[in-house]
Amino acid sequence: MLVNSFNVCTFAPNLKQGIFKPIRMRISTFKNIILSALFLTVFNIGFASETKDGGDDEKFDPKEMILHHVKDAYGMHIATLNQGEENELHITIPLPVIVYTDKGLTTFSSSAFHHDYHGHEIVERNGQRFVNVHEKVYVLDKGANEVAFDAEGHPTNAHRPKFDLSITRNVFMMWVSIAVLFLIFLTAARRYKKSDDNVPSGVASFVEPLVVFVRDEIAKPMIGEHKYKRYMPYLLTIFFFIWINNIFGLIPILNGANLSGNIAFTFTLAAITFIITTFSGNKNYWKHIFWMPGVPVPMKIFLMPIEIIGMFVKPISLMIRLFANITAGHVIILALMSLIFVFKTVAIAPVSVAFSLFITVIEVIVTAIQAYIFTILSALYFGMATEEEHH
Amino acid sequence: MDLITPEFGLVFWTLITFLVLLFILRKFAWKPILGAVSDREEGIKDALASAEKARKEMENLQADNERILQEARAEREAMLKDAREIREQTIAKAETEAQEKASKIIEKAQAAIESEKKVAMAELKSHVAGLSVDIAEKVVRDELSNKDKQLKLVEDMLGEATLN
């Protein structure tokens, strides 16, 4: 694949090297403003990719760049200084790569790849050779000294390790997010313990309306007055866990940690919701699935497979909804920014910046909405599973 | 396709992280927070209920006061009425008693007058009788010189006396 991406730091050298030369003189003040805005916005959505040589003859591929940013990565790349020069400096938080292969567990730092993800850098550990191909670790087959690619860019002479348990940037950000959640909620809980009259103060007065919202607007109406208490810890936890990770996806310096836009994350949460729903299903719930009451027998037989499919479709819809919404938001912003580089003119920048700012504002709302939807639908499924028979 | 294939590693770490998060938050955050919130709500509910109760008690108390006042007023009326009646009765009784006593006194006085009158009459009679005897003696002494005259005089005198 003859593709290279760029990042904010390639932008300045590119400029010097003449992409914008014809208009540079005329609009130098305007340019400065636009570029600062552009820089901030681009940085905002977290361009983390990098290029080895930073030449200006590379073709820009928006699809490659966007996919690279919405997917997971082994290192937590913050910025690149002096791109394309002798003293190029990558500011990266190296994260551990943990892979389990036929030869057992192998661990090494992601910095061993030296920011390469095209399979050039070969890391020898534990008698095996590892390469990073589009942020996926591959083990080179015996005897291979270089990765060979097929037409679609998949390695032909390397395979994935049995288990890849690396602390990727999504895992890292997930841990940062739970640290923040602990900080917020344990502090809030301590506030209540300290006060004699249970009056919220400090962070508790910020947290309490949200907790009460989950209880009164999500759990109680969906599950019912009598049974909602059992599900409260789960509902509160997913609500805040999803919300904070949605927000982290929008924070500039965190470099596009797209955890809640990752299908593995939404899959896990949806699976937990499915398991809880299935295990809390009462007689009435199973009767509605396998032998729908109140309809004629042929209808009962007809409805059974539909209901069984529905059982699985519900969590799958949860999984896809969150993943697609969050990923789509990132993709739109990145695509808008890509316009500048596709058209190779700074004139499109105001449009890109204005639109991506608009989308970013919408995304801020979406962070809360998606967390709310995931939680309310989970609560709805629990409510359906525990509903008593009507008389 | 890569984008929509869940990575095992991330699923694994998400599951572990989420369970740890759920466990710790449930124990150290949701329990105290929800407990505090529901405690406070209970407190507010109780406070409202007791305020309502106090209000009702107050109302009852006021009604009682009103009733007691009414009763007191009625009692006072009754007492005043009784007093008036007693006064009237006393006056009436005193009047009748006074009248009785007066009439008794009058009766006694009349009786005394009667008896005095009788005594006076008797005295008068005896005086008159003595006077009559004196007169008669003088007359007799005068008349007794003539026998016929004597007789005639006695007869006349007696006849007159009886007539009186």
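Tutor: Two strands count as paired if DSSP finds at least two bridges between them. Helices (H or I, at least four residues) and strands (E, at least two) are DSSP runs, numbered from the N terminus. Residues are numbered from 1 along each chain as its sequence is written, while chains are lettered from A and ligands numbered from 1 in the order in which they are written. This is a predicted model, in which local features need pLDDT of at least 70 and side-chain atom pairs count only at pLDDT 80 or more, whereas totals for chains, interfaces and linings use all residues.

Student: How do you know that strand β3 and strand β4 of chain A pair?

Tutor: The criterion is at least two bridges, and 6 bridges join β3 (residues 96–101) to β4 (residues 104–109) of chain A. The two strands therefore pair, and they run antiparallel. One of the bridges sets Thr101(A) against Gly104(A) in β4(A). With 2 residues between them, β3(A) and β4(A) form a hairpin.

Student: Why are β5 and β8 of chain A called edge strands?

Tutor: The open sheet has 4 strands in the order β5-β6-β7-β8 (chain A), with antiparallel pairing. Each of β5 (123–125) and β8 (158–159) of chain A pairs on one side only. The partner of β5(A) is β6 (residues 128–132) of chain A, joined to β5(A) by 3 bridges and running antiparallel. Within that pairing, Val123(A) faces Phe130(A) in β6(A).

Student: Why is Asn126(A) called partly exposed?

Tutor: A residue is buried if 20 or more other C-beta atoms lie within 10 Å of its own, exposed if 12 or fewer, and partly exposed in between, with C-beta atoms placed from the backbone. Asn126(A) has 13 C-beta neighbours inside 10 Å and therefore counts as partly exposed. Its place is in the loop between β5 and β6 of chain A.

Student: Why is Glu135(A) called buried?

Tutor: Glu135(A) has 21 C-beta neighbours inside 10 Å, so it meets the threshold for a buried residue. This residue lies in the loop between β6 and β7 (137–140) of chain A.

Student: How do you know that chain B is more spread out than a compact globule?

Tutor: Chain B has 2 helices and 0 strands. The radius of gyration is taken over C-alpha atoms, and the globule rule is 2.2 Å times the number of residues to the power 0.38. For 164 residues the rule gives 15 Å, and chain B has 63 Å, well over that value, so chain B is more spread out than a compact globule. Its C-alpha atoms fill a box of roughly 200 × 25 × 15 Å along the principal axes. Of its 164 residues, 9% count as buried.

Student: What makes up residues 41–89 of chain B?

Tutor: That span is 100% helix and 0% strand, and its end C-alpha atoms lie 71 Å apart. UniProt, in an unreviewed entry, places the feature "coiled-coil region" there. UniProt positions are given in the numbering used here, feature names are shortened, and annotations may be inferred rather than shown by experiment.

Student: What makes up the contact between the chains?

Tutor: Residues are in contact if their C-beta atoms, placed from the backbone, lie within 7 Å. The contact takes 41 residues from chain A and 30 residues from chain B. On the side of chain A that touches chain B, the largest share, 13 residues, comes from α5(A).

Key:
Contact = placed C-beta atoms within 7 Å.
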